[in-house]
Amino acid sequence: MHQHHLDKWQHGHRFGQDQKRSGEKRTLIVVGLTLAMMVWEIVAGIVYGSMALLADGLHMGSHAVALGIAVFAYAYARKNAGDARYSFGTGKVNALGGFTGAVLLAVFALYMAVESVGRFISPVAISFDGAIVVAIVGLVVNGVSAWILGGGDHGHQHHGHDHAQGHNHNHNHDHDHDHNRRAAYFHVLADALTSLLAIVALLAGKYAGWGWMDPMMGIVGAILVTRWSWQLLRDTSRTLLDTQARDLEDAIHYAVESGDTQISDLHVWSIGPGIHAAIVAVVAHAPEAPGLYRERIQAECPSVVHITVETNLCTHTDDYRNAA
């Protein structure tokens, strides 16, 4: 058979990964804002003799690096979407970027905890007035950055599909998230949190003389950031390790199984933000063409963009579904 005869059965593996995602432009803008605020906080920390501001500026620098990783992941995934070396495209680069960002979040949380304990032991003198102003501006910048990253399609999206037989499947879940954008979003939230905690601690230190508030808020912040990091590590690792997309299993069973047609083996996993692949083994006394099963699955589960179907002829005369 000549190669051109196979064209109608072949397809690419880009799956839209060569398109610019909204998170890429948003993250690039936030990188610029973060770098500008980082420079200002470090300079202000030196001028005011404030270790709190200097540490906050350095921590924003670490987040700028993390956001830079996110931007690189977007660009790499887009430019290499058609590279044949990647079996299912470059969708998982996004999850890898998010996982890396989550690891950096965990490192930052550890730094916050160690630094806070150190300040309990050796309190640091702070020039309150100047430090408070810079911390407030930092909070505003981080709030704007969070708004930029959190707008649009960041949140959870659930689409219910009602069927004549009363079935209702929710196909979209955490796998649909842009993990890379989510990592950047959490980094900015961590920045906003530390700026807010810094303001509270600085006000308490200035007006109530509670110097211990500064390291205490640092520990509280470290706990919250650790929680965000763990959540992101858990979600991105599921994608990287090809965890079974359980919420799609019922929908695929519903699309394929009828009469004596049964699914004997099913693998469905995420290959990128909002897209999945599936391998389905079907057993029937009179199996249909694999293409028909693919069409039914894609009609029921639009997010499953790559489907491999294996059909098996059941030769048993008894009801094989009851066989143990």
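**Note on the predicted model: helical core, aromatic cluster and hairpin**

1. Phenylalanine 186 and tryptophan 228 are both buried, where buried means under 20% relative accessible area, exposed over 50% and partly exposed in between (1.4 Å probe, protein chains only). For phenylalanine 186 the relative accessible area is 8%. The two rings have their centres 6.0 Å apart and their planes at 0°, so the pair is stacked. Rings of Phe, Tyr and Trp (its six-membered ring) pair if their centres lie within 6.5 Å, with planes under 30 degrees apart counted as stacked, over 60 as edge-to-face and the rest as tilted. The pair links distant parts of the chain, since phenylalanine 186 sits in helix 5 (residues 179-207) and tryptophan 228 in helix 6 (residues 213-240), 42 residues apart.

2. Basis of the model. This is a predicted model, in which local features need pLDDT of at least 70 and side-chain atom pairs count only at pLDDT 80 or more, while totals for chains, interfaces and linings use all residues. Residues are numbered from 1 along each chain as its sequence is written, and side-chain values use heavy atoms, with hydrogens and water left out.

3. Confidence. The protein chain has a mean pLDDT of 77, and 78% of its residues reach 70 or more; pLDDT is the predictor's confidence in each residue, from 0 to 100. Over residues 6-18 the pLDDT is below 50, and this stretch has 24 contacts in the model beyond near neighbours in sequence. Contact means heavy atoms within 4.5 Å. Residues 153-176 also have pLDDT under 50, and the model gives them 58 contacts beyond four places in sequence.

4. Overall layout. The protein chain has eight helices and six strands, in the order α-α-β-α-α-β-β-α-α-α-β-β-α-β along the sequence. Helices (H or I, at least four residues) and strands (E, at least two) are DSSP runs, numbered from the N terminus. Of the 324 residues, 46% count as buried. Among contacts with a separation of 6 or more, 76% are between residues 24 or more positions apart.

5. Aromatic pairs. The structure holds three aromatic pairs. One of them joins tyrosine 185 to phenylalanine 186; this pair is tilted, at 6.3 Å centre to centre and 40° between the planes. Tyr185, Phe186 and Trp228 form one aromatic cluster.

6. Nonpolar cores. A nonpolar core is a set of buried Ala, Val, Leu, Ile, Met, Phe, Trp, Tyr and Cys residues joined through side-chain atoms within 4.5 Å. The largest has 29 residues, of which Val30, Leu149, Phe186, Ala190, Val225 and Trp228 touch the most other members. At least two residues of this core come from each of helix 1 (22-48), helix 2 (51-79), helix 3 (91-121), helix 4, helix 5 and helix 6. Helix 5 gives the most, with ten residues. Valine 30 touches Leu67, Ser145, Ile148, Leu149 and Val188, not counting residues up to four places away in sequence.

7. Helix 4. The 23 residues of helix 4 (residues 128-150) should span 33 Å at 1.5 Å a residue, and the end C-alpha atoms are 32 Å apart, which agrees; the expected span is 1.5 Å times one less than the number of residues. Its buried residues include Gly130, Val134, Gly138, Val141, Ser145 and Leu149. Alanine 146, in helix 4, counts as buried at 14% relative accessibility. Alanine 146 touches Tyr185, Val188 and Leu189, not counting residues up to four places away in sequence.

8. Hairpin. Strand 4 (residues 262-272) and strand 5 (residues 275-284) run antiparallel and are joined by nine bridges; two strands pair if DSSP finds at least two bridges between them. They form a hairpin with two residues between them, and glycine 274 in the turn has a positive phi of about 75°. Histidine 267 has isoleucine 279, in strand 5, as its bridge partner.

9. Around helix 7. Glutamate 249 lies in helix 7 and counts as buried at 16% relative accessibility. Leaving aside neighbours within four places in sequence, glutamate 249 is in contact with Gln244, Leu266 and Val268. Aspartate 242 is in the loop between helix 6 and helix 7 (246-256) and counts as partly exposed at 38% relative accessibility. Its phi is near 55°, a positive value in a residue other than glycine. Most residues other than glycine have a negative phi.
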